Amino acid sequence: MQTPTSTDQLRTALGPITYFWPQAQVRQFYQQAAVCSAPVVYLGETVCSKRRELRLQDWLAIGQDLQQAGKEVVLSTLTLLEAPGEVRELEQICANGQFLVEANDISAVQLLHERGLPFVVGPAVNVYNATTLAWLVERGLRRWVMPVELSRDWLLRVLTDPVITPLRDRFEVEVFAFGHLPLAWSARCFTARSEDRPKDDCQLCCNKYPQGRQVRSQDGREVFTLNGIQTQSGQRYNLVDDIDSLRGLVDVVRISPQPEQTFDWLTAFEQAIGGNPERRQRPVGDVNGYWHQLAGITQV
Amino acid sequence: MELLCPAGNLPALKAALNAGADAVYVGLKGGTNARFFAGLNLTESDLAQAATLAHRAGRRLHVALNTFCHPGQEHRWFSAVDMAARAGADVLIIADLALLDYAARAWPGVERHLSVQASATSFVAADFYQRHFGVSRVVLPRVLSMAQVSQLARHLRDQELELEVFAFGSLCIMAEGRCYLSSYLTGESPNTVGACSPAAHVRWQEDNGALESRLNGVLIDRFEPGERAGYPTLCKGRFDVSGQRYHVLEEPTSLNTLALLPKLHREGISAVKIEGRQRSPAYVEAVTRVWRQALDSLHTDPEAYAVEPAWDRVLAGLSEGHQTTLGAYHRKWS
């Protein structure tokens, strides 16, 4: 089957930091990002509006530094909007006037479309078919990050649909390829619950867990990771051995920041893209089931 | 305030109408709705009969078409919309943009309600769906506090956009339409197949007198003799965090908002929804009867409304783990 694509070469992107890190750690991360090989960098808080180590002005300043270092900067947005104040902040991000915005909720799509701005649609917006994708492309979608639970086969069926093939040169496709998968969002803060605190008195306790809190089944298997109101996969998702099956279909490969080794893995992905057989392999324990149309927790 | 009750088959629909539902929601066979369970849902001829029964009783029929169209298979969902509209559905409950767009163009005269699976939690999102697809009502995800529901209701009052809230039944603790926990463990999720923690993946196992429940091999919970064993919905299992074993995400419990009815009424919420299309006709009848009494009492004299202990008793008896909660409506739950 023909697999239409708009670019020949896979590019890497650093996704937004999903955990709550101290400001110094965030700044240090982006200093490294400025000199890393990823051409695309996403910035901003996508999980909880109570995490305020950095304000929009700080993110914009980091974005300017990254842009000067030659990066394409994208401001990412809150996924679950519950309060009017969160919508006001979202409006400010959408009106930033400098950077492309990743819409992680349909509210952001609406605000960006109203302003006639192009946008990225993040993985938590439900785009499951070419008709929906085409509708969004007509309204400004320039990059689509596929929902994390979808497979190569599903993606192929979307991109070979005659509804979307004539539009394929108007948008890029990005796939979440490395890191703990964002799987669910709730009103409840599970990190606060794990410390027996109510959310309103959370004391920002998620800052104690720069990699989230691990949840194991009673027989010791890693199942989930608690990250505030977000639940992530227990295992790290890792498509480094699957890069060849992304070629010709995907444009951008998302590396989700981890507290350690993010840049080492970025290098491994760059090497995989470049066809270097000496590169690092996917370790036992990392999973890739979703890409192979299986349970996400599966290793193929 | 409309009492909207679930029906997975015609006997449940009759039970709901008989017990005083103002409207009943159903789904079609074939995976086009979020309760894709064996033996559940209506055929095309059932649907026509359901519409006749509802309309004869002066009630309304809502049809849920709230899964996301599979790629290249949009025509299956579009046909289901046509089938529902032709059968006389008053309302289509939809989440996918592709399907909303189709329904708005093909059947502009049939009301469109935004399914909870679309995860609309802000007035901007609600505005998006009203503006582009003419939805007349938004079903709110079970993630908002009562104060947040009030703020939203006040914001939308001038827009002639109705709000519907979940009132009773199984409690989804994640933002609906945005939870992939089930596919992470089983490969199947509400968004992709219309089911969470699907029964085909469930295994029960005895181990030294304890009963273990597994989902696709992953241990969800372990029950000692004498403990009440519940269905292994993965977010209601007991897991370990740093050596502590507890219900990490949520206890087995059901949502019950009888106590919130006066507030919901005051904020102009248009409908209260009872979850449970997978439940028996007897369950639907019993729950509907309680809620009918509660709403009648509320409408007679909102000031004098009080939850009768008998109502709570009936509902608790029909609830998961025999416990109920106000869920996210009550800020302390979060």
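Modeller: Buried means under 20% relative accessible area, exposed means over 50%, and partly exposed is in between (1.4 Å probe, protein chains only). Helices (H or I, at least four residues) and strands (E, at least two) are DSSP runs, numbered from the N terminus. This is a predicted model, where local features need pLDDT of at least 70, side-chain atom pairs count only at pLDDT 80 or more, and totals for chains, interfaces and linings use all residues. Residues are numbered from 1 along each chain as its sequence is written, chains are lettered from A and ligands numbered from 1 in the order in which they are written, and side-chain values use heavy atoms, with hydrogens and water left out.

Colleague: OK. Which residues of β1(B) are buried on each side?

Modeller: On one side, B:Glu2, B:Leu4 and B:Pro6. On the other, B:Leu3 and B:Cys5. All 5 of the 5 residues in this strand (residues 2-6) are buried, so the rest of the structure largely encloses β1(B).

Colleague: Which strands does β1(B) pair with?

Modeller: Pairing takes at least two DSSP bridges between two strands. β1(B) runs parallel to β15 (residues 271-274) of chain B, with 3 bridges. There, B:Glu2 is partnered by B:Ala271. β1(B) also pairs in the parallel sense with β2 (residues 23-27) of chain B, again over 3 bridges. In β2(B), B:Ala23 stands opposite B:Leu4.

Colleague: Switch to the interface. How many residues does each chain put into the contact?

Modeller: Chain B gives 67 and chain A gives 69. Contact means heavy atoms within 4.5 Å. The area buried between the two chains is about 5700 Å², with 57% from carbon and sulfur atoms. That area is the accessible area (1.4 Å probe) that two parts lose on being put together, summed over both.

Colleague: Which residues in chain B lose the most area to chain A?

Modeller: B:Arg178, B:Tyr180 and B:Tyr184. Together they make up 17% of what that side buries.

Colleague: And polar pairs across it. What's the count?

Modeller: 41 residue pairs in polar contact, both at pLDDT 80 or more. The rule is a pair of N or O atoms within 3.5 Å; within protein, one must be able to donate a hydrogen and the other to accept it, and residues adjacent in sequence count only if both atoms are side-chain atoms. Helix α5 (residues 123-133) of chain B gives the most to its side, 9 residues.

Colleague: Show me a residue in that helix.

Modeller: Take B:Val124, which lies in α5 of chain B. B:Val124 counts as buried because its relative accessibility is 4%. Beyond four places in sequence, B:Val124 touches A:Val87, A:Ser107, A:Gln110 and A:Leu111.

Colleague: What does A:Gln110 contact in return?

Modeller: B:Val124, B:Asp127, B:Phe128, B:Arg131 and B:His132, leaving aside neighbours within four places in sequence. A:Gln110 sits in helix α4 (residues 106-114) of chain A. A:Gln110 is buried, at 1% relative accessible area.

Colleague: How many salt bridges cross the interface?

Modeller: 6 between chain B and chain A. The rule wants a side-chain nitrogen of Lys or Arg within 4 Å of a carboxyl oxygen of Asp or Glu. One joins B:Arg131 to A:Glu114, with the closest N and O atoms 3.5 Å apart. A:Glu114 is partly exposed, at 43% relative accessibility.

Colleague: What's the count over all chains?

Modeller: 47. Inside chain A, A:Glu172 and A:Arg143 meet at 2.9 Å, N to O. A:Glu172 lies in strand β7 and A:Arg143 in strand β6 (residues 141-145), so the pair ties together parts 29 residues apart in sequence. Both residues are buried.

Colleague: Last one. How many residues of α5 in chain A are buried?

Modeller: 7 of its 8 (residues 130-137). Among them are A:Leu133, A:Trp135 and A:Leu136. At the helix start, a side-chain oxygen of A:Asn129 comes within 3.3 Å of the backbone nitrogen of A:Thr131.
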